[in-house]
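Please take a moment with the sequence and the model shown here before reading on. The paragraphs that follow go through one chain and then through two of the places where chains touch.

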Amino acid sequence: MKRVIATAKKQIAGALSNWILLCVLIASTLIVSLFVPYYLAPKNLLDATRSGGELGLIGLGMATVMLIGGIDLSVGSIFALSAIIMGIFIKLGVNAYISAVLCVVTGLLAGTANGLIISRLKIPPIIVTLATMAAYRGIAIGLSKGVSYPVPQSFYFIGQGGIFGIPTQLIMLVGVAVIVSTLLRRTTFGLSLFAIGNSEEAARYSAIRASLAKTTVYAVSGFLSAIASLVYVARVVSAKADFGTGYELDAITIAVLGGAALAGGKANVTGTVIAMLIIVLLRRGLTMGFVQTEVQSIFIGLILIISVALKGSLRSDRVARHGKNVSA
Amino acid sequence: MHNERRIVLSLSLFIIALFVAASIKDRSFLSLKNLLDIAVNSSYVAIAALGMFVVILSGQIDVSVGAILAVTSTVAGALSKQGLPVFVPILAALATGSALGMLNGSIVVGLGIHSIVATLGTLSIYRGLLIYFTHGGWIIGIPDSLQFLGRGSIGGFPIAVVFTLVIFLLIAWVLRYTRLGRDIYALGSNSESARLAGIRVRRVQLIPFLLNGALVGLAGVIFAGRFGTVQPNTGQGFELIVIAAVVVGGANIFGGSGASAGTVLGALLVSVMGTLLIFFSVNAFWEEAVQGGIILFSVAYYTIRQNRTVVRGITTSATSDSSRRE
Amino acid sequence: MRRNKKSLFLVILILLMPVMTVLATGAKESTAAGQKYKIVIMPKLVGVQYYAVVKQGIDDAVKELPNVQVQWIGPTTPDADKQIDLIRSVIPTKPDLIAVAANDPAALVPVFKEAQAAGIHVMSWDGDINFREAFVNLVDYDEFGAGLMKSMASQIGSAGDIAIITTTFTAPNQVRWIEAIKKTAASQYPAINILDVRPAGEDTNKSFQIAQDLIKTTPTLKGIIVLGVPNVPGAAEAVKEAGMTGKIAIVGNSTPGPIKPYIKAGVVRDSLLWNAPDHGYLTVYTAYALLQGKLKVGQAFSAGRLGMFTPKQDELSM
């Protein structure tokens, strides 16, 4: 166990990759500001982080799941389903705050379902979450029949307000990030996740409750997706079944950019947040420059590949541990 | 091997059961025309799924196939209107697909990036480039010569189905009886051992990507030929359909085991689901939910069976790997 | 050695980025000095034929109006949230007006209010938003739906079973059209049964499959109303291939190109569409009129080659 904790602490030395990310963030922001007027204004940059709030939350959930070597493709669908459930209850006349709680509960349940199927039935997560991605969204569509549910104005603050000009989403995200980071690095549970991610056999022999950990991790991912959904619904003051399409890919992008490894064993909360900022600010800047969105996709794809390649080449102790990655 | 046969058997039985149920609901389901239609509609998914199968076997994955499909069918469509002999657009599509696949492979092997990440990146890049160059413009009026591939028949057998069968046999043969095939399986099981055993890992790893690209290119040609029109924004979500087909077909997602027959059956099941839902009069609103449920169910079914047949202490390579990553 | 090659490759990739940025932003309409109105026009999505055609109309209008500058930007998938992000990003560039074809009428309201608060005029086109100063409709929803239904009835008679193929259940225009179709059927052709409504996305192949299956499972099927430009040729092909040309009517909204071979083959008799480039053209002129304060209910304004238009109570239709 001590050795396992030592390994986990080594991960913290993935701080180097955070510095790289920070440099990329600053560099790209500066480059973009050369071409785009009004971009560098603090208000503009802060405002851009509003949409990043939801993405960041989902990305954190994804990073946690990837920590134990899993993946969750259903986050976008849980996002939509939670929103729809909330919308339905509000329509039925249920108090708005209770509906919000139900929204989060939905996410928790959906995520737990994922986790249970994965840990009990031992079906690989990519398959389970691929199926639940369709299933959950399908339920959202089936329940709502495509209709959009209005949401009361009282929610607007979460989505649109701010404290001293800092958007609520950003504050929320930072708060959640701090909580997640603490949980991961300072609790036994969190460190056990690192252990599982690094070597499940070892973890098993250490009598760590692997399957409970797995279920929890997916429940967390579902939970965070639902909170993101709450924030989003507040922003657009409505709930509809086609929300969140494609979010899973974005979440994977920022989780990986932030330093998570697909084989597990690594997670970097700060990195994920910085990665989110990179993507969000870059998109904002490019849009302000009226760069066509398809070209923006090309940029983002390139950045993803470059950053991951850079990080890979800087890590000298990269061993093909699981025999899955073909390393240079 | 033994395991794989079981899966193919279970899957066949499952599909037959569904077909029988559908025909009870509506006799016309088992008509020759309907069955042929189902086969044709499944064909281009099956071809692409076989390509994806080989990639997954080798321990990788490729989520950019939807974009590659769009690019290759656009290339095929655009060239076919230039009045060139019909094999030109076909070859061009195959070449483009192979090139894109090769690019994917090079990024994975050369830059050492995990294939999900690499192909996520190339997905955005390929789609972005396609839209940039075509501005979304459709290609209309594709000549009949190309449409032959998607719609024609030889002696009553639809060409698309013939192609699928040929490719299936080819791949099954290569995987089982050639050195390359065994190397790919080995790579997927454990690339470290493969390397130590003297397999040229970097070289072998590129081939599935190349093959996948080419096969998706072929699928793109068939696709382009079916309706006389090609939209560049086609293929959204195609990668998930194809991966679902491979997975439902029983291949281990981590690589190292699977049967090509399973993949073809998986493609069939995934493609026929839409039809089944109409025959069973499932309310359209619940279509997607039901599809997700079916995928989950079929995978759960034989994962459970597989786990039960594992003898304690002696595990097949598939299960020992899967326990490593959950 | 391997390391060096890889690093070189990476360096090249990294250098590509600023170059691309220059190319991408440099190739924009040049801002000439003088009183130019900056208008941002946003479609439901980009990368599709339909909006590429609409853009042509917009470009035509811009040529005729020298003091109007148009920036065209839209998401690559028809998602409301992507549009919201785009609109937010556009607000700080201080345009004079933003015209959006919305993917969702309710979700875009907050961001539109924000835009207006920032001193930007807001209007919608194609897909309406519940909060805007003007709306340029394609064609009246009820009229269009009724038109489709009437065309179907004229081909199959006033009784029979039909089905509808749509794009998605969540697309607002679709919802309105289907409503209109059902309403017309209920009030004018009560003996016509709409058996099923199925979504095909914008996938020709899927539409083909659905039509094929509908034909097989419903021997009494007499017609299919197909919504969604890519879906029409798919369904038409299914009818043709099943040998039901003339026995099953296909009515839909399709651009002339893809549907021509089917009209020739007698599979499709009518295809209803609005003039896409004109829609873009009109949107620009409407925006211009709005900016000049000339857009008022009941007061006609000039829309170039399209003649004079008079805004109805709430919206403008072609």
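How many helices and how many strands does chain C have? In this predicted model, chain C has 10 helices and 13 strands. Of its 318 residues, 54% count as buried, and, among the contacts in chain C that join residues at least 6 apart in sequence, 71% are between residues at least 24 apart.

From chain C itself we can turn to the place where it touches chain A, a contact in which 38 residues of chain C take part together with 41 residues of chain A. On the side that belongs to chain C, the elements giving two or more residues are α1 (2-26), α3 (80-90) and α4 (109-117) of chain C, and the largest share, 11 residues, comes from α1(C). Sorted by class, this side of chain C, the one that touches chain A, holds 20 nonpolar, 10 polar and 8 charged residues.

Chain A also touches chain B, and here 52 residues of chain A are in contact with 54 residues of chain B. Two or more residues of the side of chain A that touches chain B are given by each of α5 (96-120), α6 (125-144), α12 (247-257) and α14 (293-314) of chain A, and α6(A) gives the most, with 15 residues. The residues on this side of chain A, which faces chain B in the contact, divide into 30 nonpolar, 15 polar and 7 charged.

Technical notes: Residues numbered from 1 in each chain as written. Chains lettered and ligands numbered in written order. Predicted model: local features only at pLDDT ≥ 70, side-chain atom pairs only at ≥ 80, totals over all residues. Contact = placed C-beta atoms within 7 Å. Helix = DSSP H or I, 4+ residues; strand = E, 2+ residues; numbered from the N terminus. Nonpolar A, V, L, I, M, F, W, Y, C, P; charged D, E, K, R; others polar. Buried ≥ 20, exposed ≤ 12 C-beta atoms within 10 Å, placed from the backbone.
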